[in-house]
Amino acid sequence: MLQRGNDLKPTKIITGLLFIALALTALAAPAAAWETVEWVSGNDAYMVNTVLVEAGAIGVNVDDDGNVTGSVSLSIFEWRNDSWTKINGTMLSLNNSLSFTATDGNFTVTLVELRREGNRNRAKLEIWTNANVTNTGYIPGGHQNATGVGKPELVITKVVTPSDVSIGDLMTVTVYVHNTGNYDAKNVNISDPYPAGFLMMPPTINNTVNQTVNRNTNNTYLIYQIKSVEPGNYTLPRASATGENAYGMGFSYSQTNNATITVNDLVALTFASSPLSDHTVDHQMRTRVNGDIVVRNIGTMPAQFISIEFTLPDNATIKGENKTNITVIGNKATVYIDNLTPNNDRVISYSLSATEDGYYEVRAGYQYTYNNSSMSGELETVSFRATGNSTITKLLETWYLLLIPLIIIAVVAVLFLKKRNEYRF
């Protein structure tokens, strides 16, 4: 057994040496090398992930034989705590290098070439890193013009068309997202709260979840319609968006403008009647129940051809009061108003009665036109009960018919008595 173990010892030594060699090789070589060569002008920069390699003054010298020498002033910035922080810098001569360590890896910058282009000098930089590179880009003006490491700038606006409407009108709401930055926005989710005081209609465009908003683009992500149901001045809730940059850094933005709507109620019809609507009040037959309808224009333009129409049940009658003219055709009674200007009102007075005992409901509706549009709707219902004996009532109503034969009998009796007295003499 001991002899066998001694035979295996060289094999174990060789295997161990191989593992050590592999480990040293792994340490000597970068895990994931990335390299680029870029021309950079003075005061411009090249960004790699969260690092900016910024060129300052660039000196270029050319001798009589055409040999080029010179240097570039380099500044290294890294995005830390929501700002660009200078972490390194040097005056780099031609064919020399600058190495430094940033948060996500090691970097080496080498000046490989210099060039004169008119009044401008340019430096050719070789940039190497073992970081996992996910975002690169040329930044004119250097770190002062960089909006952040891969951070987009989203401008959210909402447009309502039309914005001055009347009750019942439809409006189209459009939400735009404009990426004014130099970096794409990913996994963008757009939220637009429900506007109170309106009826929501189905959206025609609804691209609000997990969108990619590319840099320097302006896209429409939401279109829907709303219907106005209440008068007033409204400021719609602001839309917002959340998302990520190329590194998974989160951000949020809110709508930048106010979307306002004015809803006009051109003719507001109110019911002020006695008895109150939806209540039953007992009245003797042929006793009149009085009511009023106040038509008020609280809008901004005249309302024309206004009509209030009553629907009467059988045995119910209506009469205009206080100089109100009511046209009755069958079971329909209508009041007409040719024109009603803003900030004015008109009172329609009427009275109802019944010729038979029973329960009655009189319904009223309205219709009018404005600005080549029309509106119509239902008003409240007046209800009442007529009580009493119809036979007695009719007899009381025809008492004068009984008086005629009594008068005739009385006249005949008087004539008879007169003749009798004449014959007596």
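## A loop asparagine to start with

Asn 315 sits in the loop between strand 25 (303–311) and strand 26 (316–321); helices (H or I, at least four residues) and strands (E, at least two) are DSSP runs, numbered from the N terminus. Its phi is near 70 degrees, a positive value in a residue other than glycine. Asn 315 is partly exposed, with a relative accessible area of 40%. On this scale, buried means under 20% relative accessible area, exposed means over 50%, and partly exposed is in between (1.4 Å probe, protein chains only).

A word on what you're looking at: this is a predicted model, where local features need pLDDT of at least 70 and side-chain atom pairs count only at pLDDT 80 or more, while totals for chains, interfaces and linings use all residues. Residues are numbered from 1 along each chain as its sequence is written, and side-chain values use heavy atoms, with hydrogens and water left out.

Look for Asn 210 in the loop between strand 15 (205–206) and strand 16. Then there's the peptide bond from Thr 161 to Pro 162, which is cis, with omega near -10 degrees. Pro 162 belongs to the loop between strand 10 (154–161) and strand 11 (164–166).

Why point these out? Most residues other than glycine have a negative phi, and most peptide bonds are trans.

Strand 13 (residues 185–191) pairs with strand 16 in the antiparallel sense over 2 bridges. Two strands pair if DSSP finds at least two bridges between them. As for who meets whom, Ala 185 has Val 213 in strand 16 as its bridge partner.

## Aromatic pairs

A search of the whole structure turns up 7 aromatic pairs. One of them is Trp 79 with Trp 84, edge-to-face at 5.1 Å centre to centre and 75 degrees between the planes. Rings of Phe, Tyr and Trp (its six-membered ring) pair if their centres lie within 6.5 Å; planes under 30 degrees apart count as stacked, over 60 as edge-to-face and the rest as tilted. Trp 79 counts as buried at 16% relative accessibility, and Trp 84 counts as buried at 13%.

The rings of Phe 198 and Tyr 234 have centres 4.9 Å apart and planes at 65 degrees, so this pair is edge-to-face too. Phe 198 lies in strand 14 (residues 198–200) and Tyr 234 in strand 18 (residues 232–235), so the pair ties together parts that are 36 residues apart in sequence. Both Phe 198 and Tyr 234 are buried.

## A buried loop alanine

Ala 146 is found in the loop between strand 9 (136–139) and strand 10. Is Ala 146 buried or exposed? Ala 146 is buried, with a relative accessible area of 11%. Ala 146 and Gly 181 are 35 residues apart in sequence and 8.9 Å apart in space, C-alpha to C-alpha.
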